[in-house]
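Thanks for coming, everyone. Please have a look at the model on the screen, and then I'll walk you through it.

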Amino acid sequence: MRILITGGAGFIGSHFTKLLLRKHPDHKVTVLDALTYCGNLENLTEVQDHPNYTFTHGDIRDRELVEKIIKETDRAIHFAAETHVDRSIDCSDPFISTDIKGTQVLMEAARKYPVDRFVHISTSEVYGTALSIPMTEEHPLNPQSPYAAAKAGADRLAYSYFVAYKLPVVIVRPFNNYGPNQFPEKLFPLFITNALEEKSLPVYGNGTNTRDWLYVTDCCEALEILLLDDEKPLVGEVINLGTGVDTDVLTISEAILNRLGKPISLIQHVGDRPGHVERLISSTEKAEKLLGWRARTPYPEGLKRICDWFVGNPGWWKRIKEKEGEFQDFYQKWYSRL
Ligand code: NAD
Ligand code: TYD
């Protein structure tokens, strides 16, 4: 089978690429990635010499390139996106362009050159703060940031291609992933690396906001079923991936500092994120019923693993944090405002 993975050099996409080639070495895997500030080929060194792996450096908005690749594709899984809520609040242009237009280019190409399945990676952020608990796939969509709004647009665009053109789309809404190789601007990697550098942990507001934390390799196991399983009735469905448990930011901050043996005084309350989503917690019922899948890494185990990974791989995150430009510029600009 020929599989296209967009955004495969990013956090979740690289874990998925590695899992796929490890478990299905006969599938031919093409990663299409623009290598934006958070795309990193170091995330893929494990597979770079695999005979069935191809990397294409390119943009999902490049219609000609995308058509050329989709023509040679049986199944696609679409991760590529601008992904950081704070950056979208700072400037929404690349979010609207990549997350919506990029998805439309892929969908159009898949309409012209049909694929057997198109797994669209959406996000729990499309729901906004939980109005009912746990959050099912029927929860209203109330995006609270330009990132979430762009992803909601792409999510519904993907659905419309299923309805209007019978494109075999599956829409997945993962809750917050955490794990190795996550760009150090998101909560876990930022706070772990700041703690290791004895820098403060900037907690937005009072730190009571919660998320449903899903360990990245658990997420990828569900995505494998969603992309490859032909027995299950998945096409046209929207499926949440979460654990059914939520944890607040302050609890996580304290746990990170305890695990790393750093003082609690590193916690620094800063101003709140505009539009901050208060609570996200997933219903696990539909994923269990349709996929036979449950997350299997409890949060304390995940926390231990991610802390150990960042402690053991300082080169990976120091190269990102110490490089002039992207990480540093945004960090200074954003946190000096709060
Ligand atoms: P990431 O930011 O780590 O990686 C995104 C990747 O997309 C990068 O490799 C980047 O280079 C690539 N990319 C960006 N713009 C591109 C373009 N125009 N053309 C081609 N490639 C481009 O993101 P992630 O955290 O791995 O998230 C992957 C997907 O999962 C995204 O769609 C995101 O919305 C979704 N998601 C993430 C989480 C999470 O907690 N990380 C949760 C739910 C959903
Ligand atoms: P984040 O990792 O940005 O993911 P998302 O916004 O997609 O859920 O943020 C997770 C939570 O951590 C969210 O409640 C905001 C909070 N947070 C902070 O308090 N300080 C920070 O510096 C960051 C990046 C996040």
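Helix H6 (187-196) and strand S8 (201-204) each give at least two residues to the shell around ligand 2. Helices here are DSSP runs of H or I with at least four residues, strands are E runs of at least two, and both are numbered from the N terminus. This is a predicted model: local features need pLDDT of at least 70, side-chain atom pairs count only at pLDDT 80 or more, and totals for chains, interfaces and linings use all residues. Residues are numbered from 1 along each chain as written, chains are lettered from A and ligands numbered from 1 in written order, and side-chain values use heavy atoms, without hydrogens and water.

Who is around ligand 2? There are 19 residues, and Pro202, Arg211, Arg273, His276 and Tyr335 come nearest. Around means a heavy atom within 4 Å. By class, the shell has 10 nonpolar, 4 polar and 5 charged residues. Nonpolar covers Ala, Val, Leu, Ile, Met, Phe, Trp, Tyr, Cys and Pro; charged covers Asp, Glu, Lys and Arg; the others, Gly among them, are polar.

Now the polar contacts, meaning pairs of N or O atoms within 3.5 Å. A polar side-chain atom of arginine 273 sits 2.5 Å from a ligand 2 oxygen. For the side chain of arginine 211, the N or O to ligand oxygen distance is 2.6 Å. Leucine 187 uses a backbone N or O atom, 2.8 Å from an oxygen of ligand 2. The protein covers 96% of the 520 Å² of accessible area that ligand 2 has on its own (Shrake-Rupley method, 1.4 Å probe).

Key
A polar contact is a pair of N or O atoms within 3.5 Å; within protein, one must be able to donate a hydrogen and the other to accept it, and residues adjacent in sequence count only if both atoms are side-chain atoms.
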